[in-house]
Amino acid sequence: MTDMSIKVLLADDERLVRSGFRLLLDLEDDITVVGEATNGAEAVELARATRPDVVLMDIRMPRLDGIRAAEQIVEMPGMDRVRILILTTYDTDENVFEALQAGASGFLLKDAGPAELLHAIRVIAAGDALLAPRVTRRLISQFTARRKAAQAGEDRLAVLTDREREVLVLVAQGLSNDEIGAALFLSPATARTHVSRTMGKLGARDRAQLVAIAYQTGLGQYTEQH
């Protein structure tokens, strides 16, 4: 293991799943598996002990589910740099939305291919969010369509400027800072500043949470109609 290795913690109650992931990750020079947890409670303890860069977290686990485990990990002192990548069997699992609210930086279907998994780990480790727009937008829009929180959403977004609202819509579409800048005729640095300010005002941990907030407040529905 080198100082530049991405430290990954595997958390899944299925031994075959963990073994498959480890076999794949052990082949990569820039990724090191630092532990395997068989349940959510164990994932929390191992995260505290190993301080991984990325936790591959299954949702449904005994003792403590992946959502509660993710919540506990991101709230631990000194764990600001730990990123949670949620693993789910179904792309319609409403729990994924809860996971984003709990502090996860994205999610991945368990049947994803090796290249997709490796890409996801590297994206998350770099501090970005894995938004998977096609799946994430459908999932969150289906869930939030059943939530009647339009006025509460408007109140929450009241702290944003018109420009920040525009930026939030584009983040919800999965655009990068460069793409947001191009769309709004801004420099990438200015776009990054707007994204950072929007995150700060809304109390979002990262871009994944911005997406969740956009759909939760109803602003994300705008992206489905335009």
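Figure 1. For the protein chain the mean pLDDT is 83, with 81% of the residues reaching 70 or more. Because this is a predicted model, local features need pLDDT of at least 70 and side-chain atom pairs count only at pLDDT 80 or more, whereas totals for chains, interfaces and linings use all residues. Residues are numbered from 1 along each chain as its sequence is written, and side-chain values use heavy atoms, with hydrogens and water left out.

Figure 2. Helices (H or I, at least four residues) and strands (E, at least two) are DSSP runs, numbered from the N terminus. Arginine 83 is buried (under 20% relative accessible area, with exposed over 50% and partly exposed in between, for a 1.4 Å probe and protein chains only) yet has no salt bridge, a term for a side-chain nitrogen of Lys or Arg within 4 Å of a carboxyl oxygen of Asp or Glu. The nearest side chain of opposite charge (Lys and Arg count as positive, Asp and Glu as negative, and His and the chain ends are not counted) belongs to aspartate 206, 4.6 Å away. Leaving aside residues up to four places away in sequence, arginine 83 touches Asp53, Val54, Val55, Ser105, Ile124, Gly127, Arg205 and Asp206.

**Figure 3. The packing of helix α8 (residues 162-172) against helix α11 (residues 207-216).** The two helices pack at an angle of about 105°, with their axes 9 Å apart; axes are lines fitted to C-alpha atoms, for helices over the stretch in contact, and angles run from 0 to 180 degrees between N-to-C directions. That makes α8 roughly perpendicular to α11, where angles under 35 degrees count as roughly parallel, over 145 as roughly antiparallel, 65 to 115 as roughly perpendicular and the rest as oblique. Leu168, Val171 and Ala172 of α8 meet Arg207, Leu210, Val211, Ala214 and Tyr215 of α11.

**Figure 4. The crossing of α8 and helix α10 (residues 188-202).** The axes of α8 and α10 come within 9 Å and cross at roughly 95°, and the two helices are therefore roughly perpendicular to each other. On α8 the contact is made by Arg163, Glu164, Val167, Leu168 and Val171, and on α10 by His194, Val195, Arg197, Thr198, Lys201 and Leu202.

Definitions and conventions
pLDDT is the predictor's confidence in each residue, from 0 to 100. Contact means heavy atoms within 4.5 Å.
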